[in-house]
Amino acid sequence: MDLLKSGIERVVLTELHAAEDLDELFAAAGRLLARQFGSRAYAIYLKDRRGAEFLEHASGIDVGSIDVGELHASELRIRGMEFGVLRIRLDGDGRELLLTDEARMALAEFSEHLALALYSQKLIEDQGQTIDAALNHVQALKSMGELLGELDVEMLLNRLLKFFIDVLGVDVGAALLSGETGLQTEARWGIPSEVLEQIRLAAREGKLEPVEGNLQRITLSEVELDDERRFTLGFALRITFDLKSPHGAEIYIVSGHSRELSPAEAELVESCRIVAGIALQKALDFKESIRQNRLNEQLIIARDIQADFMPDELPCPKGLRLAGKSLPALYVGGDYYDAIVQPCGSLIAIIADVSGKGIQAAMRMSAARAVFHSLASQDLKPGELLAGLNNSIHDTSKQMGHFVTACCIGMDAEGLEVHLALAGHEPVLRLGREGGPEFLDLVGGLPLGLRRDQVYEEFHVELREGEALFMYTDGIPDAADETGVRYGVEKMVENLERHADKKDEELLEEMFEELEKYKGEAPWSDDTTALTIERRDGGSI
Amino acid sequence: MEVKRNVTDSQVTLEVSGEIEVYSLPDFTRMAESYVGGTQDLIIDLKDLEYIDSSGLGFLVTLHDRLERNGQHLKLVNMPMHVARVFTITRLDKILDISALEPSAG
């Protein structure tokens, strides 16, 4: 296929040299393709947007016929000019024509070469360029096209700078790429940075003359430096590129000698500028996608770490059965539940909701968790523990407005007494009594972290055999469906009633499944967590 | 979320409609904070507020504290019941000056 590709290239360029018009070019291309595929007949034609054929050459095939296979169809476009749709038909004489990947690639290249040939023909016909000038123009465009494969932003910027310097045959230049935080990458070729600074300043001050499109001449004839050195600017051109915000790029081409930019050169630079812009954007997009992938990797790691924080198994001493479930709204979240057996033998459990979502909330949660464990190991009771946690969160929170709601439950070593304290948290439900789920009417304190030295009242809670406490974060009632309607507390209670026969993990699975069904395709609006504590046997009140 | 502003010499009223949550919060905080350090009291009318999340609650407390430090007052008025619930549960009704939405006559 190399032969085919170079063969076509030679034909295209050679024929262009000799061809007086495109008909001859098409004829030569058609013959070549037919020979390569062993086909007796061929048709190559271009249709414009309206479907009218404006250029065709066929041998042995009626262009309008439909009983031959279409080998290749592509749109020809160059520099925003659409030449139309190129179609190539070859007659296999009853034989199936095999279109391998290589053949496809070769044909694609041919289309590209043809587009360039059509473009250069246009340059010759419309702009009166000589064939040599048109060929140079086309060659430059092809070289620029090769830069589309360069994905390293810094390397690309250097290559683009060198390209424009060569194309215009000047001495020096610079390429600058800016992003969100200002100037990001700079490439200089033979130009002192002080001189560049002065040229850029002149451009910012509007000392510019439009040339064509995004090309401007800088109307500065001389630069004088602090050490009294002088640089003559015979010619200084600024080329700016169309990039997606927040990026911007510009190239300065400078010559000490005075020169004019011919219309042909301006046309060429403008053509190359457009392709260069595409290449730069592609490299920037690629860099961004790498960064995103790395970020996602970090989030996955963070999620795994946080999953580790959630207890695998909750302790279940003294005839109690604990179960918990938590889902973050984003990769990681600010909800937390835990239960540990204190040195004195009491059980202490907590469910907490850090304000906000995502990484910030998750990091605050991990800090709060560490303090909870530390305070719990000091045999503190729920009210005292929340007071200690409150001061710790308050004192370590530099930013204002962050807080943690929490419910802390304690069960003594004999499994007899259940005590509870609340810090701005959703009310606790008791399940298993005759009347169905009931909210415990308890007064809580402020969320943790807002005001120092708070007192969190402890309440004794009656929990008989077969009864359970259900604690949750506002992620459950706040879950929204696709129309934005929230789940609500009433639905949650109804659901608990409906599944009164279920306990522990089974009940939690049921609750979360119901929420999933409710929200449908809508994303989780908040971190969602629930914790149950069930009395299995004896030791009530 | 939309905010309508009404400014007099003595007070600024911000009428909020929609939801105050983590994504709409920056716009709201920018507007509200611009009055901190001034001479006017700030009134936030919540009658068309549909929902507020924990970030929004946290911001209101911060705003309250910063205004108070400067001798300004924050008042939350016309709070609908479904929103009042969250202020009650979190006990923020003990910190903030809140008045409920009066049920409309007839």
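**Charges on chain A**

Mentor: A:Glu509 has a relative accessible area of 40%, so A:Glu509 counts as partly exposed. Keep in mind that this is a predicted model.

Trainee: What makes A:Glu509 partly exposed rather than buried or exposed?

Mentor: Buried means under 20% and exposed means over 50%. With 40%, A:Glu509 falls in between, so partly exposed is the label.

Trainee: Why is the contact of A:Lys325 and A:Glu509 called a salt bridge?

Mentor: The rule asks for a side-chain nitrogen of Lys or Arg within 4 Å of a carboxyl oxygen of Asp or Glu. Here N to O is 3.5 Å, so the pair qualifies. This pair links distant parts of the chain, with A:Lys325 in strand E13 and A:Glu509 in helix H11, 184 residues apart.

Trainee: And why is A:Lys325 called partly exposed?

Mentor: A:Lys325 has 21%. Buried needs under 20%, so A:Lys325 is partly exposed.

Trainee: How do you know which label A:Arg230 gets, the salt-bridge partner of A:Glu222?

Mentor: A:Arg230 has 51% and the cut-off for exposed is over 50%, so A:Arg230 is exposed. A:Glu222, at 38%, is partly exposed. Their N to O distance is 3.1 Å, so by the 4 Å rule they form a salt bridge.

Definitions and conventions: Residues are numbered from 1 along each chain as its sequence is written. Chains are lettered from A and ligands numbered from 1 in the order in which they are written. This is a predicted model: local features need pLDDT of at least 70, side-chain atom pairs count only at pLDDT 80 or more; totals for chains, interfaces and linings use all residues. Side-chain values use heavy atoms; hydrogens and water are left out. Buried means under 20% relative accessible area, exposed over 50%, partly exposed in between (1.4 Å probe, protein chains only). Helices (H or I, at least four residues) and strands (E, at least two) are DSSP runs, numbered from the N terminus.
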